[in-house]
Amino acid sequence: MMSTTRISEIAGSLGQEVTLRGWLYNMRSSKKLHFLQIRDGSGIIQGILSLQDAGPELFAAIGALTQESAIEAVGKVVSDPRSPGGFELHLKDVRRVSPSVDYPISPKEHGDAFLMDHRHLWLRSKRQHAILKIRHTIIKGIRDYFDEHGFVLVDSPILTPNACEGTTTLFGTEYFGQTAYLSQSGQLYQEAAAMAFGKTYCFGPTFRAEKSKTRRHLTEFWMVEPEVAYMDLEGDMDLIEDFLCSLVERVLNKHERDLKESLERDIEPLKRVQKPFPRMSYDDALKMIVQIRDATTDAETKAALAIEWGMDFGSPHETELTKKFDRPIMVHGYPYEVKAFYMKRDPNNPKVARCVDVLAPEGYGEIIGGGQREDDLQILEAALAKHELPKAPFEWFLDLRRYGSVPHAGFGLGVERTVAWLCGLHHVRETIPFARTMDRLSP
Ligand code: 4AD
Ligand code: MG
């Protein structure tokens, strides 16, 4: 086995000669020096090769290397406070492992469609690296949070017989003579799991045939869905707040440099993500939106903010509302009629549901949807009928209300919207390794 040093661990080899195995990220040259940007997946380091050390033949061969050629580089690790990683490599030898001819992504600017078509290569760039590493930290942070707070991981199935979030965004597939649907949400199964284990979560891909081409919608996205027995809406909001603060703190602790340097993200707004988050009713949020609408002189904004009681908020409403706050806000008690069938009808005000949406600041909008679930059998049966959902595939779900029904609540956090917010990205397309949208199924 050849011993290879990883760039992320190069500090341990200061003053020593090491072999790096990776790719040529970029190179600039003068008559007597080559400056190679070498990447190995764990980081990027500058390697310097002089004509004097290399001799004319090797020097010319290195000079002919092209972007993304696979290379093996041997050199001595020296400290260099000016370079981002703090080290550079004084090269002795560079061997080409395999060529890279006409690499399509040059350091110049490319359009979004071109980059998405070349996503399999685009993943190698510095910016994508930062984003996907932060995504990894967020996913690990999610798992650690629930694992450390007494939740049991209970995986929900992907192939399901029924809708969870409305019938208009279902992906169906033939299933031995019947139709199966790709899961829109693992929630219904978490409700069963919470009745068995008390506190559970599932974490996986979910699917929605979204016919909207917005910067927030994917057809395949990852969602974490905790569910807790004997929890009400207030307890749910407490959990959300604590969980989100822990995630943001973890990302700030680990990725300050990625955020500031690779992504040019202002981290001050993230530092303000502290408990408590403002909590407001739909009614109060609506009043604020109407005030903003009436105060604006911009005709386009005014039109986009058209709304009356009973309508769900769209992204213009969420954007304008969140501009008034410096941290995520929790809006609860949306009109019962516009929400999913499983939401708890508020016994004190049957016009609203005991649900909550978390809206991220800086215009990012909804990142979490959740709330208390209907635990009353009759009300739930009526809701199924109202939503024109067939009863038979939900009999098992109704059983949960027949055998020891208790108040329970939970939520779903969309990973991609969270990554977009924390990284400060305009569009969710860069937040997942291979995005799936209405007009994209490849690569
Ligand atoms: O608000 P949603 O639809 O809630 C549910 O699915 C509940 N069953 C969750 C639960 O209570 N267990 O979706 C939850 C979150 C949204 O707030 C958003 O972050 C994300 O999932 N999401 C999407 N992300 C990307 N693309 C889409 N098409 C998304 N749809 C929802
Ligand atoms: Mg929602």
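This short talk walks through the domains, nonpolar cores, selected helices, salt bridges and one surface patch of a predicted model.

Good morning. First, the conventions. Residues are numbered from 1 along each chain as its sequence is written, and chains are lettered from A and ligands numbered from 1 in the order in which they are written. In this predicted model, local features need pLDDT of at least 70, side-chain atom pairs count only at pLDDT 80 or more, and totals for chains, interfaces and linings use all residues, while side-chain values use heavy atoms, with hydrogens and water left out.

Let me begin with the overall layout. The protein is divided into domain 1, residues 3–98, and domain 2, residues 120–431; these bounds come from an automatic or database domain assignment. Taken over C-alpha atoms, the centres of domain 1 and domain 2 are separated by 45 Å. Between them, 8 residues of domain 1 are in contact with 5 residues of domain 2, where contact means heavy atoms within 4.5 Å.

I turn now to the interior. I shall call a residue buried under 20% relative accessible area, exposed over 50%, and partly exposed in between, with a 1.4 Å probe and protein chains only. A nonpolar core is then a set of buried Ala, Val, Leu, Ile, Met, Phe, Trp, Tyr and Cys residues joined through side-chain atoms within 4.5 Å. The largest such core has 59 residues, and Ile 142, Phe 146, Phe 243, Leu 413 and Trp 421 have the most contacts inside it. Its largest share, 12 residues, is contributed by helix H6, residues 233–262. Helices here are DSSP runs of H or I with at least four residues, strands are runs of E with at least two, and both are numbered from the N terminus. Apart from this core lies another, of 34 residues, including Ile 292, Cys 355, Leu 384 and Leu 398.

What does Phe 146 touch, leaving aside its neighbours within four places in sequence? The partners of Phe 146 are Phe 151, Tyr 201, Val 224, Pro 226, Phe 243 and Phe 411.

How much of helix H13 is buried? Of its 9 residues, 415–423, 8 are buried, so H13 is largely enclosed by the rest of the structure. Among the buried residues are Glu 416, Thr 418 and Trp 421. After H13 comes Gly 424, whose phi is positive, near 70°.

Gln 128, in helix H4, residues 126–148, is buried with a relative accessible area of 0%. Beyond its neighbours within four places in sequence, Gln 128 is in contact with Arg 119, Trp 122, Leu 123 and Glu 430. His 255, found in helix H6, is also buried, at 4%. Not counting residues up to four places away, His 255 touches Lys 133, Ile 134 and Thr 137. The C-alpha atoms of His 255 and Ala 130 are 8.4 Å apart, although 125 residues separate the two along the chain.

Next, the charged pairs. The whole structure contains 39 salt bridges, each defined as a side-chain nitrogen of Lys or Arg within 4 Å of a carboxyl oxygen of Asp or Glu. In one of these, Lys 140 pairs with Asp 144, with the closest N and O atoms 3.0 Å apart. The two are 4 residues apart in helix H4, about one helical turn. Lys 140 is partly exposed at 43%, whereas Asp 144 is buried at 15%.

Lys 391 lies in the loop between helices H11 (377–386) and H12 (395–402) and Glu 381 in H11, so the pair ties together parts 10 residues apart in sequence. Both belong to a network of salt bridges that also links Glu 395, Asp 399 and Arg 402.

Finally, the surface. Phe 176, in the loop between strands E8 (172–175) and E9 (178–182), is exposed with a relative accessible area of 77%. Together with Leu 159 and Tyr 175, Phe 176 forms a nonpolar patch with about 370 Å² of accessible area. Patches of this kind are made of residues with over 30% relative accessible area and no salt bridge; nonpolar side chains (Val, Leu, Ile, Met, Phe, Trp, Tyr) are joined within 5 Å, and like charges within 9 Å. Accessible areas come from the Shrake-Rupley method with a 1.4 Å probe, and for residues only the protein chains shown count as cover.
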